[in-house]
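Subject: Structure handover

Hello,

Here is the structure you will be taking over. My notes on it follow below.

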Amino acid sequence: MSDFDTVRVSDIPDDAAILDVREDYEWVAGHADGALHIPLEQLPARLDELDPDQDVYVICRTGGRSFRAAQWLTGQGYTAINVAGGMDQWLEAGKPLVSESGMKPLVL
């Protein structure tokens, strides 16, 4: 049992704050436009980059890392929502992707 919600990609509001906890190489290849990138292992040191008064939708590739991040963030007093299926589902749902590489965005 968790103390946070898990939602499908289709249930993320258009104006949601999205936190991508994947590794740098995954982020560079493709990510949600406007998302904040903090790799999971850097989250404790970079917690001050998140607004404690804003709901944050946490995403990774398939949902495992985002589950752990949402669990930890909830323990720190944040309202964190895990995104089920992660970027794989984001891509499958046809949501827009951007890349940092100048190449066509993709999910790694």
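Asp55 sits in the loop between β4 and β5; helices (H or I, at least four residues) and strands (E, at least two) are DSSP runs, numbered from the N terminus. This is a predicted model, in which local features need pLDDT of at least 70 and side-chain atom pairs count only at pLDDT 80 or more, while totals for chains, interfaces and linings use all residues. Residues are numbered from 1 along each chain as its sequence is written, and side-chain values use heavy atoms, with hydrogens and water left out.

Asp55 has a relative accessible area of 40% and is partly exposed. On this scale buried means under 20% relative accessible area, exposed over 50%, and partly exposed in between (1.4 Å probe, protein chains only). Leaving aside neighbours within four places in sequence, Asp55 is in contact (heavy atoms within 4.5 Å) with Ala17, Thr79 and Ile81. Between Asp55 and Tyr78 there are 7.4 Å in space, C-alpha to C-alpha, although the two are 23 residues apart in sequence.

Next, the sheet. It is open, has five strands in the order β1-β6-β5-β2-β4, and its pairing is parallel; two strands pair if DSSP finds at least two bridges between them. β1 and β4 (36-37) are the edge strands, each pairing on one side only.

Strand β5 has both faces covered: Val56 and Val58 on one side, Tyr57 and Ile59 on the other, are all buried. β5 runs parallel to β2, and four bridges join the two. Ile18 has Tyr57 as its bridge partner in β5, and Asp20 stands opposite Ile59. With β6, β5 pairs in the parallel sense over three bridges, and there Tyr57 stands opposite Ile81. From β5 the chain crosses through α2 to β6, a β-α-β crossover that is right-handed. Right-handed here means that, with the strands pointing away from the viewer, the path from the first strand over the helix to the second runs clockwise.

Which residues of α2 are buried? They are Arg65, Ser66, Ala69, Ala70 and Leu73. These residues are on the same side of α2 because they cover an arc of only 130 degrees around the axis, taken from the directions from the helix axis to the C-beta atoms. The buried residues of α2 pack against β2 (17-20), α1 (24-29), β5 (56-59) and β6 (80-83). Just after α2, Gly77 takes a positive phi of about 95 degrees.

Last, the aromatic rings. Rings of Phe, Tyr and Trp (its six-membered ring) pair if their centres lie within 6.5 Å; planes under 30 degrees apart count as stacked, over 60 as edge-to-face and the rest as tilted. The count by this rule is one aromatic pair. Phe4 and Phe67 form this edge-to-face pair, at 5.1 Å centre to centre and 65 degrees between the planes. The pair links distant parts of the chain, 63 residues apart: Phe4 is in the segment before β1 (5-7) and Phe67 in helix α2. Phe4 counts as buried at 9% relative accessibility, whereas Phe67, at 34%, counts as partly exposed.

Regards
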